[in-house]
There are 2 protein chains.
Amino acid sequence: MDMTPAKATLTREDWSAAALAALERHGLAAVAVEPIAKSLGATKGSFYWHFAGRDDLIAAALDQWERRDTDGVIATVDHAAEGADRLRLLLRLVLQAVVGAPGAGSIELALQPHADHPMVAPVLARVTERRMSTLESLFTDQGLSRSDARDRARLTYAAYLGHAQLAHATPGQLPKGKAYAAYVDRIVETLTP
Amino acid sequence: MDMTPAKATLTREDWSAAALAALERHGLAAVAVEPIAKSLGATKGSFYWHFAGRDDLIAAALDQWERRDTDGVIATVDHAAEGADRLRLLLRLVLQAVVGAPGAGSIELALQPHADHPMVAPVLARVTERRMSTLESLFTDQGLSRSDARDRARLTYAAYLGHAQLAHATPGQLPKGKAYAAYVDRIVETLTP
DNA sequence: GAATATCCGTACGGTAGCGTATGGACATGA
DNA sequence: TCATGTCCATACGCTACCGTACGGATATTC
């Protein structure tokens, strides 16, 4: 569960990183002060010096996720070639990440039972809108109208979310190894104009 | 929250139905004995007469969902015409249910943070496999090879899951009313051969 | 080298939920 | 009518977690 064998002095970022990890693995309920303190080799005394309370920690974890997510998408898109192949490469990368990186797309899933939570809903809305806009402009770059591009972005993003869910909950339903790469290629062909 | 203004004597089914509703709305953590007792106008004394403990209640709720889901899919597929239109009609129905019926596809989402829970994982696996098989055979009916049909089923089911997630967490991202029906039609055209 | 700020551990009270024990209300049958 | 079975409320102890109070340790500054 915990990896860092204690640390001299903890920062606010250490706490929110641990909180984000707990959120990713076991949901919002796992963002609990005392268990996370234990995982950091500390006690609540430390926590309440850095944070006002549990809500403050949740907000910090969500904020950290939103930043990480934004940076990640931007880096991915930049990394993804030029012109027409940009969209295809992006799709391949994120669909690979879903089965490769442990917990890509897991935060969204962990947040689902609390999608109407006043702290969660705005973050979820911003992240989704940002990703949808990115996809939409990639589709308009391919010559689609704005309306068609939005629809395509919706379907594509839904497919991404669904694959994340399958990879997370029922990984046996997805092909393994090289077969998965071939499967992704077929998906990309179906989804791109 | 609760609707039935108390009841003379409660049955095991009353409890598991209330548990399923709580699960659907607020996740597995909300499947808690005392809050549900309160929502039924009863106390724990009643609960522990019908159930061995909380795990027993969770199992009953999951079982109820699995049965309801199976019956629902079968009824839907039967309802869905004959031949080539069968697949298209099914897709239209489930994609409409995602935004129409309150909480279609919500249980899967609520269960995501506990996908590795020893009671949850087998149910999730069975439900997913059953749906995937249904889709696969509908695609083979359309002339696709078994392998192509499986791939198509994966993409289609992922799209369904993703739309359920969008409808649940960020409903603003989906078209409303009649525009949604048109959107669904475009999706179905893209996904069917 | 003493004062101050930074960081954290310990101890405490409070709440929510789980599970058990026990008795009581009500019906049903002998 | 009394005995038995069914269904449930109340009361209790237990655990996990939240938040506060307070004091101690270490570093930093003058």
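**DNA strand D and the cavities**

Biologist: How do the residues of the surface near DNA strand D divide into nonpolar, polar and charged?
Modeller: Keep in mind that this is a predicted model. There are 18 residues around DNA strand D. By class, this surface has four charged residues, and the others are seven nonpolar and seven polar.

Biologist: Which element gives the most to the surface near DNA strand D?
Modeller: Let's begin with the residues that come nearest: A:K44, B:L10, B:T43, B:W49 and B:H50. Two of these, B:W49 and B:H50, fall within α3 (44-50) of chain B. With five residues, the element that gives the most is α3(B).

Biologist: Of the atoms of DNA strand D within 4 Å of the protein, what percentage belongs to sugar or phosphate?
Modeller: Those atoms belong either to sugar or phosphate, or to bases. The bases have the rest once sugar or phosphate is counted, and the sugar or phosphate part is 61%.

Biologist: How far is the side chain of B:T43 from a phosphate oxygen of DNA strand D?
Modeller: In chain A, a polar backbone atom of A:V33 is 2.9 Å from one. In chain B, a polar side-chain atom of B:S46 lies 3.1 Å from one. For an N or O atom in the side chain of B:T43, the distance is 2.7 Å.

Biologist: Which elements give two or more residues to the surface near DNA strand D?
Modeller: Both chains take part: chain B gives α3 (44-50). From chain A come α2 (33-39) and α3 (44-50).

Biologist: Now for the cavities! What is the volume of the largest cavity?
Modeller: The structure holds three cavities of 30 Å³ or more. For the largest, the volume is about 80 Å³.

Biologist: Which element supplies the largest share of the lining of the largest cavity?
Modeller: Of the 13 lining residues, A:Q112, A:T128, A:Y157, A:L161 and B:Q165 are closest to the centre. At least two lining residues each come from α7 (120-141) and α8 (146-169) of chain A, and from α8 (146-169) of chain B. The largest share, four residues, comes from α7(A).

Biologist: And which element gives the largest share of the lining of the second largest cavity?
Modeller: Both chains line this cavity, with residues including A:Q165, A:L166, B:Y157 and B:L161. Two or more residues come from each of α7 (120-141) and α8 of chain B, and from α8 of chain A. The largest share, three residues, comes from α8(A).

Conventions:
Residues are numbered from 1 along each chain as its sequence is written. Chains are lettered from A and ligands numbered from 1 in the order in which they are written. This is a predicted model: local features need pLDDT of at least 70, side-chain atom pairs count only at pLDDT 80 or more; totals for chains, interfaces and linings use all residues. Side-chain values use heavy atoms; hydrogens and water are left out. A residue is near a molecule or strand if one of its heavy atoms lies within 4 Å of it. A polar contact is a pair of N or O atoms within 3.5 Å; within protein, one must be able to donate a hydrogen and the other to accept it, and residues adjacent in sequence count only if both atoms are side-chain atoms. Ala, Val, Leu, Ile, Met, Phe, Trp, Tyr, Cys and Pro count as nonpolar, Asp, Glu, Lys and Arg as charged, and the others, Gly among them, as polar. On a 1 Å grid over the protein atoms alone, a cavity is a set of points where a 1.4 Å probe fits but cannot get out, and a pocket is an open set with protein on both sides within 12 Å along at least five of seven lines; lining residues have an atom within 4 Å of a point. Grid points are joined across faces, edges and corners, and a volume is the space filled by probe spheres set on the points.
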